[in-house]
Amino acid sequence: MAVHAEKAPRPMGAYPHARAYGDLLFLSGMGPRGSDDSIPGGPVWNSEGKEQDYDVYQQTLATIANIKKVLEASGADFGDIIDVQCFLINMKRDFKAFNKAYREGFAGYSPTRTTVSVRQLPSPIGVELKVIARAPGSKIRPEPVVAKNAPSPVGAYPHAKRFGDLLFVSGMGPRDPATNEVPGGPIYDADRKPLEYDVYRQTKATIENVCTEHCKQHHTDTPCD
């Protein structure tokens, strides 16, 4: 079932605001644009295509408000959200302010989260969120999972969330849960200067963190089945 939310900003392409399938509700990627196409926090480039200053904190709060509009049009609410994928155009500049707005906007709720950096988004915005939620009428309730042997999350989200037979795991990196160090070395120093690092070791450590959590939750000794 497709969902078209009258109060949300119009989609930028041939897709609905959301679609329910079985027990799940999939929201299309959402940004901070208002219904009048204005951008709270300001656009990241001007009418001539030149980059300009913007407020990702305000953009993030506006994005979360738009997600709420789509959820309400779907018959759902924040408590139904299972997983959020976050896209930032400038991780180095924006992550701290984004993380603060995310914590405030989703206060009291705990969906899993993955945050990645992208070069550019389709409109002049600095942030976009993609949400998977529990579909209205589903009898399954999402349950947060905290893993003692995994590195602590860097924001307001759990390590994983169980939804029936499905397990949604938040984005995971290579940090050592005991020491908080990065196997293979960090990619930059305290002054944000680039450093040499070993992505092979980072990848192995990341997979170990994910598979350890997977085995724990599914009670198996075979990693990543």
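The largest nonpolar core of this predicted model comprises 29 residues, and those with the most contacts inside it are Leu25, Leu27, Ile67, Leu71 and Leu129. A nonpolar core is here a set of buried Ala, Val, Leu, Ile, Met, Phe, Trp, Tyr and Cys residues joined through side-chain atoms within 4.5 Å. Because the model is predicted, local features need pLDDT of at least 70 and side-chain atom pairs count only at pLDDT 80 or more, while totals for chains, interfaces and linings use all residues. Residues are numbered from 1 along each chain as its sequence is written, and side-chain values use heavy atoms, with hydrogens and water left out.

**Nonpolar cores**

- Two or more residues of the 29-residue core are contributed by each of strand S2 (18-21), strand S3 (24-27), helix H1 (56-74), strand S4 (81-88), helix H2 (91-105) and strand S6 (127-134). Helices (H or I, at least four residues) and strands (E, at least two) are DSSP runs, numbered from the N terminus.
- H1 supplies the largest share of this core, namely 5 residues.
- Another core, of 5 residues, lies apart from it, with Leu24, Ile132, Phe163 and Phe168 among its members.
- Leu129 touches Ser28, Gly29, Met30, Thr63, Ile64, Ile67, Val84, Gln85, Cys86, Phe98 and Phe106, not counting residues up to four places away in sequence; contact means heavy atoms within 4.5 Å.

**Strand pairing around S6**

- S6 is mostly covered, as 7 of its 8 residues are buried. Buried means under 20% relative accessible area, exposed over 50%, and partly exposed in between (1.4 Å probe, protein chains only).
- S4 and S6 pair in the antiparallel sense over 7 bridges, and Val84 has Val131 in S6 as its bridge partner. Two strands pair if DSSP finds at least two bridges between them.
- S3 and S6 also pair in the antiparallel sense, over 3 bridges; Leu25 stands opposite Ala133 in S6.

**Individual helix residues**

- Ala62 is placed in helix H1 and is buried, with a relative accessible area of 15%.
- Leaving aside neighbours within four places in sequence, Ala62 is in contact with Pro32 and Pro40.
- Between Ala62 and Arg201 there are 139 residues of sequence separation and 38 Å in space, C-alpha to C-alpha.
- Asn99, found in helix H2, is buried at a relative accessible area of 13%.
- Arg113, Val154 and Gly155 are touched by Asn99, not counting residues up to four places away in sequence.

**Salt bridges**

- The structure holds 8 salt bridges, each defined as a side-chain nitrogen of Lys or Arg within 4 Å of a carboxyl oxygen of Asp or Glu.
- Arg93 and Asp53 meet through their side chains in a salt bridge (2.6 Å, N to O). Arg93 lies in helix H2 and Asp53 in the loop between S3 and H1, so this pair ties together parts that are 40 residues apart in sequence. Arg93 counts as partly exposed at 37% relative accessibility, whereas Asp53 counts as exposed at 66%.
- A salt bridge also joins the side chains of Arg141 and Asp80 (3.8 Å, N to O). The pair links distant parts of the chain, 61 residues apart: Arg141 is in the loop between S6 and strand S7 (143-145), and Asp80 is in the loop between H1 and S4. Arg141 is exposed, with a relative accessible area of 52%, whereas Asp80 is buried at 7%.
- Within helix H2, the side chains of Glu104 and Lys100 meet in a salt bridge (2.8 Å, N to O). Glu104 and Lys100 are 4 residues apart, so about one helical turn separates them. Glu104 counts as partly exposed at 38% relative accessibility, and Lys100 counts as partly exposed at 46%.

**Nonpolar surface patch**

- Ile187, Tyr188, Tyr197 and Val199 make a nonpolar surface patch of about 370 Å². Patches are made of residues with over 30% relative accessible area and no salt bridge; like charges are joined within 9 Å, and nonpolar side chains (Val, Leu, Ile, Met, Phe, Trp, Tyr) within 5 Å. Accessible areas come from the Shrake-Rupley method with a 1.4 Å probe, and for residues only the protein chains shown count as cover.
- Tyr188 is found in the loop between strand S9 (166-169) and helix H3 (199-218) and is partly exposed, with a relative accessible area of 34%.
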